[in-house]
Structure formats: structure tokens, C-alpha cells
Amino acid sequence: MTEAEKYLDEIPMWASKKNSLQDIRCFLERMGNPDRAMNVIHVAGTNGKGSVCAYLISILKQAGYHTAAFISPHLIHVRERFLHDGRPAGETEFLRAFEHVKELSQVMAAEGYARPAYFEFLFYMFMDMGRQWKPDFVILETGLGGLLDTTNTVEHPLLTVITSISMDHMQYLGDTVQTIAAQKAGILKPGVPVVYDGSCRESRQVIEERAEVLCCPAYPVADEDLKFGGRGSLGIRGTVKAGTKTVELLIPSRADYQLMNAALAFRAAQVIDRDGRFKVSVKAAAAGIRTSRWPGRMEEVLPGVFLDGAHNEGGMEALARNIAAMQRESGKPVSLMFGVVGDKEYRKMIRKLCGQVDVSHVTVAQMDTERSVGAAVLAEEFRESLGCPVEAFDTVKDGWKCFLRNKGEGLAFCAGSLYLAGEVKALLDGYCLQGTSEQ
């Protein structure tokens, strides 16, 4: 671990004293307001944000543009959060940005500002890298919520995108879909177009009311705009409406819920194309989706073994439906590996899985984080809901070995946390941080 990584790891995730959005704006001003020279696509939502960002990166690449993207969380290495044309930042770039931000944060602290929290520090680092990279587009994923999120200090985005909204982080965002949607819709800016998941009536109403107040052109993607076309070895097929026509999409994922995420990115590309300054053809958009890649999201890491970062009730419900469909289509038994952090409603997540999927074996593991729920606790929850064998392990490494042993000829799914996905990715042979942006 480098000194920079050690420094970042020691920053409290939630500082006792936090900078306000106005304070963060002051920090950006000291940096020279780098965001004001950027064409920002700002993405919020409960589930699907990262997938939409990945599709947009690939679409814009196919259209001939360069991108910088700030995404979270990382699976293994923090440099995965800073993407230049889809590749993690190089070590030299990372260290240069770290030193710049550290130096300025010390100056600001001497003037009475709070030292940046973890996510805030990374955001400043990304802005420093983005200024150096000079991309055509910046894709900015919110961290938590939207209205009060650090990224919402960006003043004039080119476009905003809101993905599906469901119950998560209720202690911070509210305990109804409507209140959470209001937080997500906080990224809307006057006159800036918004593309959003219109399949949920409650969240759609909140977004559209806010868009009307701010005179934002609104572009919903509703269920009736999509048609699922089946699942194959290359991924899923489907169609999305594009004006009076329909466009066929091949999405390199076995998850049917990715059709909505791909459609949101496709609609965003259409809106960008209408801007007049940029050209993103339907062909480029479809090709970008077809060639996209997003690790840890229904990723087939070994034959018949899928790794998914579903980590809240809404994500688990979508995953459970998808696993059940794959089980019906294949006729194969299903085994699970599960790990979760304590601030999630893991009992509801487990019930979602157990209620829809015929499970033959469960492996639970305690992850290498203080936030992890103990394996024994999770095992008891599964035993109360299922009649199949459930095995518990104190480490992901031991749990992974058991999981693979019990897979047999069936389908195997590892889910519950992106921390778990990251630990599993690190265990897989041949992993390294490849394709960095430095040449």
C-alpha cells in the first residue's frame, strides 16, 4: 500500500465536522473551477448508476469521444474510481492528483475549513485529473443521494440521468420512495435535460414535478418503451423506442434488468445528439452498449458462476427475479454465496432471494470489513427460510472454496455486497489493475 492509499484509508468515512456544499464550491474555486470547462453528465439513482455510466463511456467511445468518469465504489483498488476512456487512472496520475489535493486541503484547513471527508477528497482528485485529461465528456456518479451529495456542487451539467429508485440509505435519505426520489432529483439544474427511469409512478411524479419547476426538458424511459427479447450466450436482447422507430439492442449481460439501464444510456445519447454540438448516432449507441463491460454486475467470472453487486432490497429483488428466470430456462439447481454489511436491511434481502429462488446450497462469509455482518448471523437467517444446507465461513477465501465445491453442474450466484464482489475479484487468478490510462 502506498503512502497515498494509507492516507486515504485513514480518512474517516463520515467526519465529525463536514464541509457544506458551499465550502466544497470554495475548494473548487481554489482549484480554478475545473468543472466549468467540462461537459458533465451527472448520474444519480438507487440501483443501476454504475451500469449506466459504463454504457455511456462505451457509447461515447464508439462515437469518437474521450471520457473521464468518477464512479464508486471501487472493487479492489481505489484507482478504479477514476476512469479515463474507461481505464483506471495510472499510478503517476493518481499520486500527482493526491499531492495537489492534500496540499490545498492543508491550506484550506488552516483557514478554518474542515479537512475533506473520504469521498470529498476523491472528488477533488478526480477534478484535478479531469483538468489534466481534458475529455470531451465527464460522467459523474453521485455517491449518496443527490441534493446534498458532494458531486452536486457542479453548477452547469450538460445532462442529468436518474436511474431506478428504491429503498436504501433510509437513515440519510428518507423512508419512502417519494422522499428518496426528492433527494435524487436534487441534481436537476435549471433548463438542463433529465433522462430518467419512468417505470415507478411514485418516483416519476417527483422527478417530473421538479423538472417542471426548473424548466428541465424531461425524457422518461417507461416499461412500455422496452421489450425483452430473450437471453443467450452473448447476453440479453431487447428493443427500445427511438422516436417513431424501435432499435434492437444486444446487452452483454445475463441480467434482464440491464435492459432498462441500457435504455437510459441510449436515451441519454439521443439527448446529447440533439444538443447540436455533438454527434452520437443510433449505430454508435447500439455498438457502445454491445461492447460495454462492467465488472461485478452479473459478471460471469467462471462458467456458470456469476458475481453481482446487488446490495439493497431493490437490487436483490431484481436479482432474485433474474435468477429465478435463469433457473426456469436452464432447469439447473442454484447455489448462493452471500455477504452483507450491517447497515443494509439484510433480512429483507435474504427473504427476497429465498422467496423467489429454489436454492440447493448456501455459503455465507464474513467480509474483511468492520461493517460486515457475522457469518453465523447470516447462516441462521438463511436456515430459518430454507431447508437446504447452509455453511458459514469467517473469511471470503474459505467461503469461496466451499462455494465452488458445491456448485456442481448448476448455476452459482455470489451477491449481497460490492465489498464481497471486490474480495472475490481479488481471489480470482490473474487479477491485476490492467489497462490504466497512462501509456
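1. Five bridges join strand β14 (residues 334–338) to β17 in a parallel pairing. Here strands are DSSP runs of E of at least two residues, and helices runs of H or I of at least four, numbered from the N terminus; two strands pair if DSSP finds at least two bridges between them. Within this pairing, F338 has A415 of β17 as its bridge partner.

2. The model is predicted: local features need pLDDT of at least 70 and side-chain atom pairs count only at pLDDT 80 or more, while totals for chains, interfaces and linings use all residues. Residues are numbered from 1 along each chain as its sequence is written, and side-chain values use heavy atoms, with hydrogens and water left out.

3. Strand β17 (residues 411–415) also pairs in the parallel sense with β13 (residues 305–307), over three bridges, and V305 stands opposite A412 there. Five of the five residues of β17 are buried (under 20% relative accessible area; exposed is over 50% and partly exposed lies in between, with a 1.4 Å probe and protein chains only). Residues L411, F413 and A415 cover one side, and A412 and C414 lie on the other, all of them buried.

4. L418 belongs to helix α15 (residues 418–427). This residue counts as buried because its relative accessibility is 10%. Neighbours within four places in sequence aside, L418 is in contact with P73, L75, R297, G309 and H311 (contact means heavy atoms within 4.5 Å). The C-alpha atoms of L418 and H74 are 8.2 Å apart, although 344 residues separate the two along the chain.

5. A separate point concerns an open antiparallel sheet of three strands in the order β9-β10-β11. Its edge strands, β9 (226–232) and β11 (245–251), each pair on one side only. Strand β10 (residues 235–242) and β11 are joined by seven antiparallel bridges, and T239 stands opposite E248 in β11.

6. The structure holds 18 salt bridges (a side-chain nitrogen of Lys or Arg within 4 Å of a carboxyl oxygen of Asp or Glu). One of them joins D275 and R277 at 2.8 Å, N to O; D275 is partly exposed at 35% relative accessibility, whereas R277 is exposed at 54%. Another joins R293 and E299 at 3.7 Å, N to O; R293 is exposed at 59%, and E299 is buried at 16%.

7. In E317 and R321, the closest N and O atoms of the salt bridge are 3.7 Å apart. The two residues are separated by about one helical turn because they are four residues apart in helix α11 (residues 313–330). Finally, R25, D35, R36 and E155 are linked in a network of salt bridges.
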